[in-house]
Amino acid sequence: MEKNHEFYTDESGFLPFDPVVLVTDVLRRWVLILLITVAVGIGGYIVADRTYTPVYKTTATFVVTDPTSTATVFGNLSKTQELASVFSELLNSSLLHRSVLAEIGETSFQGSVKTSVVPETNLITMTVTASNPRTAYLMAQGIIKHHHTITYQIVDDISLEVLQSPSIPTAPSNFSNASGTMKKAAALAAAASCLMLAFRSYTQDKIRSGKEARKKLDCKYLGDIPHETKYKTLRAKLERSKTSILISSPLTGFRFRENIRKLRSRVDRLMQGKKVLMVTSLLENEGKSTVAVNLALSMAQKYDNVLLIECDLRKPACYKLLNQSEPEVGLLSVLKENANFSDAIIPAKQGKLQLLLESNASKNSSELLASAKMAELLQWAGETYDVVILDMPPIAAITDIEQVKDLADASLLVVRHNTAATPSLNKAIALLNGGKAKLLGCVLNNVYSTGLTSGYGYGYGYGYGGYGKYGHYNGYGPKK
């Protein structure tokens, strides 16, 4: 099926937007966000700590009086205001500093001297700041000792007496805020990384809705299967104890069971009397085994003789999903040891479903699946059972699908919601359509969505095939 692929947007001209999709996609990369947050936070702490310069302060208080006047202390307020306006400049004069520095044995003064009037009094406070406590203290003492050499020339009718002498500062007046900087940097890094990941998710060319699947994939769209949690209770989540998602379980949600039933009806109608169906996906962890198992269980509710065969010999999982014990005689025994077909068939714990399972992995699964014994098995199964479902390996991971695509009658592609790139999926579709087992269509699995997605997105492809922008797709590449 060839479709016209354009850069689809919604009615407003924007890409499809669903907050649940974006949030889920960001949270899936929580480890990356955590690493970025920790790295930037530590970096911010190191920079703040290394650029921190301590400042030490010491203060002295002067009483301003007029020796020639008989006025009270409060009568000297005008004199204090007069002196305060020029006192700071006098104390910061280069001439005074040279005298003080010569006495304390320093060549320069990296600090400041400031004065202020205590409100409603004839008191002036002098504050000396420096990068170390010794310099601050000695500078303050030197100014007290030598200030008269400068001040008497300007205000010779005013007397300055020390009311409070300076003390050696024991701690810096400014404290390092490395911890605060670290927290701010970490928070900004977390927010920025979340925004970047959300934007990347928003612009990627992946299948995020049924509308996108219909418009962008070169096959029929057979429906979606909603996300179903594998942790059914809080205790199970804390103990990391997963529960198999099966339509036969009362713990499985109604919507999941209903959508599997709808998928069975559509697949059954499209099979048109054909019996052997293989279920596969492009990538690992797209849920194709869960779909295959539940589709088989649903078929067994309609037909008397349904067989599920575990064909993912590199990573067998059906026996775990069905809560079956490891089979004594499995598919490997049939293919390698010539065990009787009927001896390897066991009943499922749920329903009327029959099983040909395997629990041991095999490195040469491609050769085994392409063997004459496998062809003989599938021929026997097709003659014996009403429906035969094969749980196949992912297409992108290995080449086993090449070996058996001519042995089955039809195929079903499982597409995990917002996971694989669209061009890569179209290449897989072309591969499946190139064999005898024609592709019935695709099912969108593990759907997180609020239903807000509208229109049809576009973007850039990543992964299998390394495509960028795309137009018409059929076969292995774009058509002009």
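Which helices do the buried residues of α7 pack against? They pack against α1 (19-27) and α2 (30-51).

The views below show a predicted model, in which local features need pLDDT of at least 70, side-chain atom pairs count only at pLDDT 80 or more, and totals for chains, interfaces and linings use all residues. Residues are numbered from 1 along each chain as its sequence is written, and side-chain values use heavy atoms, with hydrogens and water left out.

**View 1. Helix α7 and its buried residues.** Helices are DSSP runs of H or I with at least four residues, strands are runs of E with at least two, and both are numbered from the N terminus. Helix α7 covers residues 178-203, 26 residues in total, and its first and last C-alpha lie 37 Å apart, close to the 38 Å expected at 1.5 Å a residue. The expected span is 1.5 Å times one less than the number of residues. Buried means under 20% relative accessible area, exposed over 50%, and partly exposed in between (1.4 Å probe, protein chains only). Among the buried residues of α7 are Ala-185, Ala-186, Ala-189, Ser-193 and Leu-197. An α-helix has 3.6 residues a turn, so residues three or four places apart point the same way.

**View 2. Helix α11, mostly covered.** Helix α11 (residues 288-302) has 15 residues and reaches 21 Å from first C-alpha to last, close to the expected 21 Å. Of its 15 residues, 13 are buried.

**View 3. The salt bridge between Asp-205 and Lys-216.** A salt bridge is a side-chain nitrogen of Lys or Arg within 4 Å of a carboxyl oxygen of Asp or Glu; by this rule the count comes to 14. In this pair the closest N and O atoms are 2.5 Å apart. Asp-205 lies in the loop between α7 and α8 (210-216), and Lys-216 in helix α8, eleven residues apart. Asp-205 is buried at 0% relative accessibility, and Lys-216 is buried at 0%.

**View 4. The salt bridge between Lys-352 and Asp-304.** The N to O distance is 3.2 Å. Lys-352 sits in the loop between β8 (346-347) and β9 (354-356), and Asp-304 in the loop between α11 and β7 (306-310), 48 residues apart. Lys-352 is partly exposed at 38% relative accessible area, whereas Asp-304 is exposed at 55%.

**View 5. The salt bridge between Asp-409 and Lys-436.** The closest N and O atoms are 4.0 Å apart. The pair links distant parts of the chain, 27 residues apart. Asp-409 is buried at 19% relative accessibility, while Lys-436 is partly exposed at 47%.

Terms used. Contact means heavy atoms within 4.5 Å.
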